[in-house]
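Hi everyone, thanks for making the time. I'd like to walk you through one model this morning, so let me put it on the screen.

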Amino acid sequence: MTPDPALIPLHEWESFYVIIGTSAAALTGLTFVVIAVVADAGPRAATPLGIATFITPTILHFCAALLISSILSAPWHEHIGVQIALGVSAIVGFVWSLLVWRGTRGKQLNYQMVLEDWVWHVALPLIAYGAVLATAIIFARNTELGLFMVGGASTLLVFIGIHNAWDTVTHLTLQRLRREQEKPDS
């Protein structure tokens, strides 16, 4: 079967998706180090709800970027396969982001989210997954635009993950330092 000529631009994006996919995979592993830091920070550092709200979505965003890279690196012969794979991935990511949003609304007992948290943990992921879904819809009609949209979305997901992992580590580190400073001298 001869590849659809409109899909030939996928080959031109190969290096891009090698970089995004490799970065996402490596950063997923490093996020497990974040979890170790959380565990080492002590019993008051994190709650199961806090982990579900802040750390688990970070892993999901890295994995989504890796999945998108895998989808667009596969040897597709028709648009419909790419569209279905991207569409399902986008819907899962979008629904997950809505669940995170729901989980952050008043359920965090030991942390009050600020505007930056709402942007990075809720708004930007919804935008990224929305862009992947839009790509799935337009991909057959405008492959080039779709490739730029999904490329931007996967890059955004990696940056969201980097920001959120860093934010979590710095928050927990500062929290631990405050507790240590509050301890009475022995």
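A word on the ground rules. This is a predicted model, where local features need pLDDT of at least 70 and side-chain atom pairs count only at pLDDT 80 or more, while totals for chains, interfaces and linings use all residues. Residues are numbered from 1 along each chain as its sequence is written, and side-chain values use heavy atoms, with hydrogens and water left out.

The protein chain has six helices and zero strands; these are DSSP runs (H or I, at least four residues, for helices; E, at least two, for strands), numbered from the N terminus. Of its 186 residues, 41% are buried, meaning under 20% relative accessible area, with exposed over 50% and partly exposed in between (1.4 Å probe, protein chains only). Take contacts, that is, heavy atoms within 4.5 Å: among those between residues at least 6 apart in sequence, 80% join residues at least 24 apart.

Now the inside. The largest nonpolar core has 26 residues; such a core is a set of buried Ala, Val, Leu, Ile, Met, Phe, Trp, Tyr and Cys residues joined through side-chain atoms within 4.5 Å. Two or more residues each come from α2 (14–40), α3 (48–73), α4, α5 and α6 (143–182), and α6 gives the most, with six. Ile-68 is among the residues with the most contacts inside this core. Beyond four places in sequence, Ile-68 touches Tyr-17, Leu-86, Val-132, Val-150, Ser-154 and Leu-157.

Next, is Asn-164 buried or exposed? Asn-164, in helix α6, is buried, with a relative accessible area of 1%. A polar atom of its side chain lies 3.3 Å from the backbone oxygen of Trp-120. His-121 is 43 residues away in sequence, yet 7.3 Å away C-alpha to C-alpha.

The chain exposes about 10,200 Å², 70% of it supplied by carbon and sulfur atoms; accessible areas come from the Shrake-Rupley method with a 1.4 Å probe, and for residues only the protein chains shown count as cover. Helix α4 holds Trp-96, which is partly exposed at 31% relative accessible area.

That's the tour, and I'm happy to go back to any view.

Key: A polar contact is a pair of N or O atoms within 3.5 Å; within protein, one must be able to donate a hydrogen and the other to accept it, and residues adjacent in sequence count only if both atoms are side-chain atoms.
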